[in-house]
Amino acid sequence: MKARIILLPGDGIGPEVTRAAHSVLERVAILGGCSIDASGVPLTREVLDSCAQADAVLLGAVGGPRWDDPQAAVRPEQGLLALRKGLSLYANLRPVKPHPLLLDATPLKPAHLKGVDMMVLRELTGGLYFGNPRGRDKVDGRLRAFDTMEYYEYEIRRVVELAFRLARGRRKKVTSVDKANVLETSRLWRQTATDVATGFPDVTLEHMLVDTASMRLISSPAGFDVLVTENMFGDILTDEASVLAGSMGLLPSASIGEGGPGVYEPIHGSAPDIAGKGCANPVGAILSAALLLRHSLHLADEAEAVERAVDRAITDGFRTADIRGTHGTEEVTEGIVKRITLR
Ligand code: IPM
Ligand code: MG
């Protein structure tokens, strides 16, 4: 099979973890701080165009102290957001399923983690991240900043529908997370989710307020199957959910839209503190490559083979420091690559 895949390693540990996933896939372009340095913008038209023509994009991470000035007009993260918007990637899938041998790597009691297997589905091209107007002005001589939280009904519907379709292949439960006791967008979200649910009588829908959800993620995480929520809530809750797995470095994500190429990236950031040291956990990037195989190339068996290899490598003790191991990025990668067997 021939496929065109663009790798966007980005900044910090992004390149290291992407190099790891690159032992499974190939090809390179730039995004983020490195693109700002090279061309003045975090995502060039050319890179966006070539991504749009690719079958899939495997991304590392963007951002770092060099480009962190809050006053800066151009920031690496804008490149990531422009890529998501430019490719209409409205759904971000973040699966969380702790490895049984890593339960002691989390700060939670292992008993709470038994049976945790959830798919967090985050809306990715709407809400506060993209709403207008946004900006700063002076009102009565006082400096003010504002962002807009907005959602169209169709934006909510398409991501919630995907949540229900995913739930059908799992434990048939959707938890829709909102702040309907305060926000108008959340009331539209809840109303739309309730309406979508009528088309999926075999799936149970539960509504949960985001503050409750943040508590339940820690106190009773096994109760979640598919959790679907808006962009900003999803950003926050997925960092929290990553704690359940033992390390952010373990978690992959898939950003998908309608038909076009998907973007696959680990959920961790560029981790400038450890960049270049060869100790970054490559698992999040490698599992992102597995999601790429499954969702963009429809190679389910191959995706599973990669996921099984990761499981086995961790079982066999191939671990980076973030999960209390002593191996470097390359050793763990090799351990995984050696364990890939197609059934
Ligand atoms: C994520 C990240 C990004 C986000 C940042 C880097 C803009 O935190 O993918 O979760 O907020 O979406
Ligand atoms: Mg985030």
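Visitor: What makes the place of P133 a loop between two strands?

Guide: P133 lies between β4 (118-123) and β5 (135-139), in the loop that links them. Strands are DSSP runs of E with at least two residues, helices are runs of H or I with at least four, and both are numbered from the N terminus. This is a predicted model, in which local features need pLDDT of at least 70 and side-chain atom pairs count only at pLDDT 80 or more, while totals for chains, interfaces and linings use all residues. Residues are numbered from 1 along each chain as its sequence is written, chains are lettered from A and ligands numbered from 1 in the order in which they are written, and side-chain values use heavy atoms, leaving out hydrogens and water.

Visitor: What makes the bond between N132 and P133 cis?

Guide: Omega is about 0° for the peptide bond joining N132 and P133. Most peptide bonds are trans.

Visitor: Why is D140 called exposed?

Guide: Exposed means over 50% relative accessible area, buried means under 20%, and partly exposed is in between (1.4 Å probe, protein chains only). D140 has 75%, so the word exposed applies. D140 is in the loop between β5 and β6 (142-146), and its phi is near 50°, a positive value in a residue other than glycine.

Visitor: What is the phi of R324, and where is R324 found?

Guide: Phi of R324 is near 60°, which is positive although the residue is not glycine. R324 sits in the loop between α11 (300-315) and α12 (329-338). Its relative accessibility is 60%, so R324 counts as exposed. Most residues other than glycine have a negative phi.

Visitor: Why is α10 called mostly covered?

Guide: Eleven of the 13 residues of α10 are buried. Among them are V283, I286, L287 and L291.

Visitor: How do you know that the radius of gyration of the chain agrees with that of a compact globule?

Guide: The globule rule is 2.2 Å times the number of residues to the power 0.38, and the radius is taken over C-alpha atoms. With 343 residues the rule gives near 20 Å, and the chain has 20 Å, so the two agree. Buried residues make up 52% of the 343.
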